[in-house]
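Subject: Structure for your files

Dear colleague,

Here is the structure I said I would pass on. My notes on it follow below.

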Amino acid sequence: MGSNSFVRRARAVVTLGLVGGAIAMAVSAAPASAGLGLACPSATSTPFAGWKDYANYAFAPDGGFESGGSGWSLSGGARAVSGNESFYVHSNTDKVSLSLPKGASATSPAMCISLLSSKMRFLARGDSGASVKVQIVYRGLLSSVLGIFDGGTISAAGSWKPSPEIGMLGGTLPLLTASVSFRFTAVGGNAAIDDVYLDPMKSS
């Protein structure tokens, strides 16, 4: 009887230790520490400085779609097409953007992010009346979905232009967040997006 009680107590201590360790890892997680195979480029680019946004951004995995949307989840006819956004924010040698027919969606690969996240931006264009709905998908250590945040619906009508700064949950992530993805859906007409960036460290 006493031996069984000791075993139960020992198991409880081990379980609590594992849970506490997971929480500690999540609290201390930052882009530079992601050893989970996630894309964590240094946020040293200022791609939106031309629009008086001087924050440091990191480029999303294949964020310019030059590799055909490698790693992205595409549906509803979304596909990489010839024709770059007109400002060549990422590189003046880029030649591709992502076409989003009405109702189509694209979800980016996971990116690591700090607990005090800031914002993301991209470029968009589209038919008259077209918009792009943005959702931020928060995932845990095992890629489980912890929450989906509505980032708003951005007008894409007309020629290429940068999106507004899209904030994330007021700068505080759900507990145990390990990565974040972005989902873009065309509504109201055909649209296109290009050059997706994340400010993962709340640089401004």
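Aromatic residues and cores

Trp72 counts as buried, because its relative accessibility is 8% (buried means under 20% relative accessible area, exposed over 50%, partly exposed in between, with a 1.4 Å probe and protein chains only). Phe65 also counts as buried, at 0% relative accessibility. This is a predicted model, in which local features need pLDDT of at least 70 and side-chain atom pairs count only at pLDDT 80 or more, while totals for chains, interfaces and linings use all residues. Residues are numbered from 1 along each chain as its sequence is written, and side-chain values use heavy atoms, with hydrogens and water left out.

The structure holds nine aromatic pairs (rings of Phe, Tyr and Trp, the last by its six-membered ring, pair if their centres lie within 6.5 Å; planes under 30 degrees apart count as stacked, over 60 as edge-to-face and the rest as tilted). One of them joins Phe48 and Tyr197, which is edge-to-face because the ring centres are 5.8 Å apart and the planes stand at 80°. This pair links distant parts of the chain: Phe48 is in the loop between helix 1 (2–28) and strand 1 (58–59), and Tyr197 is in strand 12, 149 residues apart (helices, H or I of at least four residues, and strands, E of at least two, are DSSP runs numbered from the N terminus). Both Phe48 and Tyr197 are buried. Phe65 and Trp72 form a tilted pair, with 4.8 Å centre to centre and 55° between the planes.

Ring pairs also link Phe48, Trp51, Tyr57, Phe59, Phe87 and Tyr197 into a cluster. Arg121 lies over the face of Phe48, 4.7 Å from the ring centre (a charge sits over a ring if NZ of Lys or CZ of Arg is within 6 Å of the ring centre and within 35 degrees of the ring normal).

The largest nonpolar core has 32 residues, and those touching the most other members are Leu100, Met120, Phe122, Phe182, Phe184, Ile193 and Val196 (such a core is a set of buried Ala, Val, Leu, Ile, Met, Phe, Trp, Tyr and Cys residues joined through side-chain atoms within 4.5 Å). At least two residues of this core come from each of strand 4, strand 6 (119–126), strand 7 (131–139), strand 11 (179–187) and strand 12 (191–199). A second, separate core of eight residues includes Tyr57, Val89, Leu123 and Ala192.

Regards
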